[in-house]
Amino acid sequence: MSDLLKRAETDAAAGAPPSRWAWLGRLWRLSTGRFGLIVVIVVVATAVIARFWTPFDPQQVDISSRWLPPGWPHVLGTDAAGRDILSLLMAGARTTILVAVGAGIVATIIGIALASLGALTARWVRESVAVFVDILIAFPVLIIAMMISAVWGGSLWVVIWAVGIGFGVNIARVTRPELRRVLHSDFVVAGRASGLTPAQNLIRHLLPNVAPVFIVQLSWGMAVAVLAEAGLSYLGFGAPVTEPSWGLLLAELQQFITVHPLSVVWPGLAITLTVLGLNLLGDGLREATDPTLTHARGAGRVARTHVPEVVA
């Protein structure tokens, strides 16, 4: 990380074009971006490790070890069935990452498709897409997920599709005006005049210039996916009881909150830190990748003029 920072500073001082990893150095210099990046890396690493190893079997019931306080070998204690809470949290991280990434992929596909249709097509198509998006936004994501769950049954795929569709629509609504604004820029017109097709212009010019807005919306969508999975699992509409989940664990432990309050803290803290990390990482990525901003060391951001390169 220090090498990336030094390389970015050297390039800036020499007036050379920044390297492709310069944004990572800018992200690391931002306190919010650094915190979010560390949290997300820890959660992802925990999910990967839990795929192969956990201190105990997350579903192993041991009545003789029920409600053990934090200590060794149960670092975070045990629950009413004698299961190791740390192992349950590690296994639940896999579910969290699956839902967040899955919902992010679905939201990206739907959001880019609707935004492109609403910005690059004929007027009657643009207006129809705008009305369609406004109708879908009227339905909260959790309500959509509960309606789908009532028909198809509760599962992680229901959560992924419900959150992906709900936030794909939000991404489209926010990204569409930005695409329309960039569409009339001189470099887009020049690219079209040089023979670029609408799809090539979209990929080379339009999407890179709306990426900061898109990244923030996507990070919020992934954070809401984590909350939605936990909330729906808590209500019985999300992960099945055989699948480790932070929401299910919270639902099981909350009835003992007056007797064993510390046990409820761990899943709640995991959910809170993950959502906070995703939100702060999105804000940091926006500042680090926004081409209209420069970042001084330890200082605020200063606006500058940016002229994107025309690709023939």
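Q: Which residues are linked with Asp79 in a network of salt bridges?
A: In this predicted model, Asp79, Arg83 and Glu252 are joined in such a network.

Q: What makes the pair Asp79 and Arg83 a salt bridge?
A: The closest N and O atoms of Asp79 and Arg83 are 2.9 Å apart. The cut-off is 4 Å between a side-chain nitrogen of Lys or Arg and a carboxyl oxygen of Asp or Glu, so the pair Asp79 and Arg83 qualifies. Side chains of opposite charge can pair when their charged atoms come close.

Q: Are Asp79 and Arg83 buried or exposed, and how do you know?
A: Asp79 has a relative accessible area of 3%, and Arg83 has 11%. Buried means under 20%, so both Asp79 and Arg83 count as buried.

Q: How many salt bridges does the structure hold?
A: The structure holds five salt bridges.

Q: Why do Arg173 and Asp134 count as a salt bridge?
A: Their side chains meet at 4.0 Å, N to O. The limit is within 4 Å, so the pair Arg173 and Asp134 is counted. This pair links distant parts of the chain, with Arg173 in helix 7 (residues 156–183) and Asp134 in helix 5 (residues 123–137), 39 residues apart.

Q: Why are Arg173 and Asp134 called partly exposed?
A: The relative accessible area is 47% for Arg173 and 42% for Asp134. Partly exposed is the class between buried, under 20%, and exposed, over 50%, so Arg173 and Asp134 both belong to it.

Q: What separates Arg181 and Glu178 along helix 7?
A: Arg181 and Glu178 are three residues apart in helix 7, which means a separation of about one helical turn. Their side chains meet in a salt bridge at 2.8 Å, N to O. Glu178 is partly exposed, with 23% relative accessibility.

Q: Where is Thr78, and why is it called buried?
A: Thr78 is in the loop between helix 3 and helix 4. Its relative accessibility is 2%; the cut-off for buried is under 20%, so Thr78 counts as buried.

Q: What makes the approach of the Thr78 side chain to Ser65 a polar contact?
A: The side chain of Thr78 reaches the backbone oxygen of Ser65 at 2.6 Å. Leaving aside residues up to four places away in sequence, Thr78 touches Ser65, Arg66, Trp67, Leu68, Arg83, Asp84 and Ile85.

Q: How do you know that the peptide bond from Trp72 to Pro73 is cis or trans?
A: Omega is near 5°, and the bond is cis. Pro73 is found in the loop between helix 3 (31–52) and helix 4 (85–120).

Q: Which residues form the nonpolar patch on the surface?
A: The patch is formed by Phe35, Leu262, Val265, Leu269, Leu273 and Leu276, with about 460 Å² of accessible area together. Its largest share, five residues, comes from helix 11 (residues 261–289).

Q: Which residues have the most contacts inside the largest nonpolar core?
A: They are Leu89, Val99, Val163 and Trp246, in a core of 41 residues. Two or more residues each come from helix 4, helix 6 (141–152), helix 7, helix 9 (198–235), helix 10 (246–253) and helix 11. Apart from this core lies another, of 16 residues, among them Ala119, Ala172, Val188 and Leu202.

Q: Which residues does Val163 touch?
A: Not counting residues up to four places away in sequence, Val163 touches Ala103, Val141, Gly168, Gly221, Ala225 and Ala228.

Note on methods: Residues numbered from 1 in each chain as written. Predicted model: local features only at pLDDT ≥ 70, side-chain atom pairs only at ≥ 80, totals over all residues. Heavy atoms only, no water. Helix = DSSP H or I, 4+ residues; strand = E, 2+ residues; numbered from the N terminus. Patch = residues over 30% accessible without salt bridge, like charges linked within 9 Å, V, L, I, M, F, W, Y side chains within 5 Å. Areas by Shrake-Rupley, 256 points an atom, 1.4 Å probe, with all protein chains shown as cover. Buried < 20%, exposed > 50% of the residue type's maximum accessible area, 1.4 Å probe, protein only. Core = buried A, V, L, I, M, F, W, Y, C linked by side-chain atoms within 4.5 Å. Contact = heavy atoms within 4.5 Å. Polar contact = N/O pair within 3.5 Å; in protein donor to acceptor, adjacent residues only side chain to side chain.
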